[in-house]
Amino acid sequence: MRKVFCFGELLLRLSPAPNGEWLRKHVVPVYAGGAELNVATALSRWGMPVRYFTALPDHYLSHDISDYLLQQGIDTSAIRYSGERIGTYYLPPGTDLKNSGVIYDRANSSFASLMPGQIEWEILFDGVEWFHFSAICPALNENLAKICEEALLVATKKGIRISVDLNYRAKLWQYGKKPVEIMDRLLPHCQLIMGNIWSANSLAGIPVDENIHPGATRDTYLDHAAKTALAIKEKYSACNSVALTYRFEKGNGIDYFGTLHLAGGNYCSPLFTTKQILDRVGSGDCFMGGLIYGIYNEHLPQHIISFAAAAAFGKLLEYGDATQQSASEVESLLKAYE
């Protein structure tokens, strides 16, 4: 099997308990994460061959992390050891990366310090079937936007399938470029685009009904998803697959479903619901991993979207950034909702 190549920044997440409890107990859980690493971890858990690229400083902490990833079944041979620091972020358990309480400490990290022309994409893409990145990478700085473009040009030339997660992080787009201006250089290379109707608006300029919520039914959201997917495919002709998610909080719980839009039709997952979630981080990454897993293995469209949504929902019931679910556990969860 040819490999899936995931490209992005590895971040250490420090997850202090609220109200100063972490200081009194002298304990702060640490998770190795980052959007693309979370996808790579899910794929490896599900038996997929996956290679991961990031940049880390050349010291023992980085090598501990690399060894840990290798133990997870991830090919770490592409990791570049350069620069001076590992990016981190702080987020209390159970909160979301879109929450105003997230604190990033990733400026001048090894990954953020990468420069165009440094990465030998022709060599790294040997034996690669699929390239995955997210909109977080080009959000960091203009050099990384250029590096993403370098990778996409080589991947396109080599006939490698390309996917992107439209992760929108307003706190990261701070270098004077509008997100749509940058993403319009990258999205034309992508065959699979994943996000939601709001991130598609922020990153690709796709129209969104800002007043959709009052009185909206599930059919209303499905109709909007179909319109958004069609607009994406019309704007970016290489794109043949669009997947969108809907996640609605209800107290401490959540309602969740996803849609998949192909040339042959539109598909929707079951509605997943729970009264209590454990951790919001990484759910979208798990959804992305489920899409890649299903499409790569040529599953039927309905099963692709149902598996991806079940995996994402299952991640909400786990602590940490990356899922520990096996494929069989995801299938069991899905059966309970079909």
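**Aromatic pairs in a predicted model**

Good morning. I begin with Y221, which is buried because its relative accessible area is 8%; buried means under 20%, exposed over 50%, and partly exposed in between, with a 1.4 Å probe and protein chains only. This is a predicted model, in which local features need pLDDT of at least 70, side-chain atom pairs count only at pLDDT 80 or more, and totals for chains, interfaces and linings use all residues. Residues are numbered from 1 along each chain as its sequence is written, and side-chain values use heavy atoms, with hydrogens and water left out.

A pair of aromatic rings is described by the distance of the centres and the angle of the planes. Rings of Phe, Tyr and Trp (its six-membered ring) pair if their centres lie within 6.5 Å; planes under 30 degrees apart count as stacked, over 60 as edge-to-face, and the rest as tilted.

The structure holds 25 aromatic pairs. In one of them, the planes of W198 and Y246 stand at 85 degrees with the ring centres 6.1 Å apart, so this pair is edge-to-face. W198 belongs to helix α8 (residues 197–204) and Y246 to strand β12 (residues 241–250), 48 residues apart; helices (H or I, at least four residues) and strands (E, at least two) are DSSP runs, numbered from the N terminus. Are these residues buried or exposed? W198 is partly exposed at 29% relative accessibility, whereas Y246 is buried at 0%.

Y221 pairs with F248 in a tilted arrangement, 4.8 Å centre to centre and 40 degrees between the planes. F248 is partly exposed, with a relative accessible area of 21%.

Finally, ring pairs join F5, F7, F53, F111, W121, F125, F131 and F133 into a cluster. Thank you.
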